[in-house]
Amino acid sequence: ASEPSKLWVPTTVLQRMDSSCDRQLHLINSLVEANEVEMWGVTLQPQVMAVNTLLKELADTWEPILPDYQASLDCQLSSDAPLVKADPSQIWRVLENLLANALKHNPPGVHVTLTTAIATTPGYVRCAVADDGVGIDPSQTASLFERYRRGTSISRVRGLGLGLYLCRQIVIAHGGEIGVETSLGHGAEFWFTLPIAG
């Protein structure tokens with residue numbers, strides 16, 4: 001029997017195939033999770049926690065990744081931010097998603113700021129992830145957190161926009177609110193609130 005012919009594939013092609021598989025797996029997982037959230041809601045394991053500590057840990061974790069985006073990250077955390085009642089793993093997911101969006105949906109060189117403050121709504125702390133990037137058309141902001149929406153200004157990034165939908169479900173499950181302040185060419189600030197402990 002003759003030997004099977006060998007096929008040589010360039011490394012760049014294999015890398016693209018690997019990235020494509022990763023994106024598809026992430027999308028499938030997001031779809032499954034979105035369906036589970038719609039059916040069963042968000043499961044929380046709340047505890048009293050310092051949101052400032054969580055944001056600092058997030059910044060430290062993402063610091064090695066920033067050079068890939070030529071990005072910079074700054075923390076402006078309120079020294080008097082009170083403890084909150086929240087599920088740290090779920091809030092980590094919200095923060096990580098918002099930070100990832102700020103990096104992926106903007107050109108290289110974006111500057112991102114993480115902030116905490118006492119919310120204008122009594123009894124809540126406000127957390128925010130702001131960037132100085134391309135911004136979003138304000139006419140689209142009302143639907144950004146819907147299940148299958150994604151801003152046209154960020155259409156170069158593949159995905160169905162499930163991340164913001166899941167963020168909204170998590171924040172609402174905590175009794176908080178989530179929103180965005182933005183304009184084209186002037187960056188975006190995604191914010192959410194969490195109830196103060198006690």
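Thr 115 is found in strand β4, where strands are DSSP runs of E of at least two residues and helices are runs of H or I of at least four, numbered from the N terminus. This is a predicted model, in which local features need pLDDT of at least 70 and side-chain atom pairs count only at pLDDT 80 or more, while totals for chains, interfaces and linings use all residues. Residues are numbered from 1 along each chain as its sequence is written, and side-chain values use heavy atoms, with hydrogens and water left out.

- Thr 115 is buried, with a relative accessible area of 17%, where buried means under 20%, exposed over 50% and partly exposed in between, with a 1.4 Å probe and protein chains only.
- Leaving aside neighbours within four places in sequence, Thr 115 is in contact (heavy atoms within 4.5 Å) with Leu 55, Gln 76, Leu 77, Arg 126, Cys 127 and Ala 128.
- Thr 193 has its place in strand β7 and is buried, with a relative accessible area of 6%.
- Not counting residues up to four places away in sequence, Thr 193 touches Ala 119, Tyr 124, Val 125, Arg 126, Val 171, Gly 176 and Glu 177.
- Between Thr 193 and Ile 172 there are 21 residues in sequence and 9.3 Å in space, taken from C-alpha to C-alpha.

**Helices α2 and α3**

- The axes of helix α2 (residues 51–62) and helix α3 (residues 88–104) come within 11 Å and cross at roughly 45°, the axes being lines fitted to C-alpha atoms over the stretch in contact and the angles running from 0 to 180 degrees between N-to-C directions.
- The two helices α2 and α3 are therefore oblique to each other, since angles under 35 degrees count as roughly parallel, over 145 as roughly antiparallel, 65 to 115 as roughly perpendicular and the rest as oblique.
- Residues making the contact include Leu 54, Leu 58 and Trp 62 of α2, together with Ile 91, Leu 95 and Leu 103 of α3.

**The nonpolar core**

- The largest nonpolar core has 40 residues, and those with the most contacts inside it are Ile 91, Leu 95, Leu 103, Val 112, Leu 114, Phe 190 and Phe 192; such a core is a set of buried Ala, Val, Leu, Ile, Met, Phe, Trp, Tyr and Cys residues joined through side-chain atoms within 4.5 Å.
- At least two residues of this core come from each of several elements, among them α2, β4 (111–118) and β7 (188–195), and the largest share, nine residues, comes from α3.
- Ile 91 touches Leu 54, Ala 86, Ile 170, His 174, Phe 192 and Leu 194, not counting residues up to four places away in sequence.
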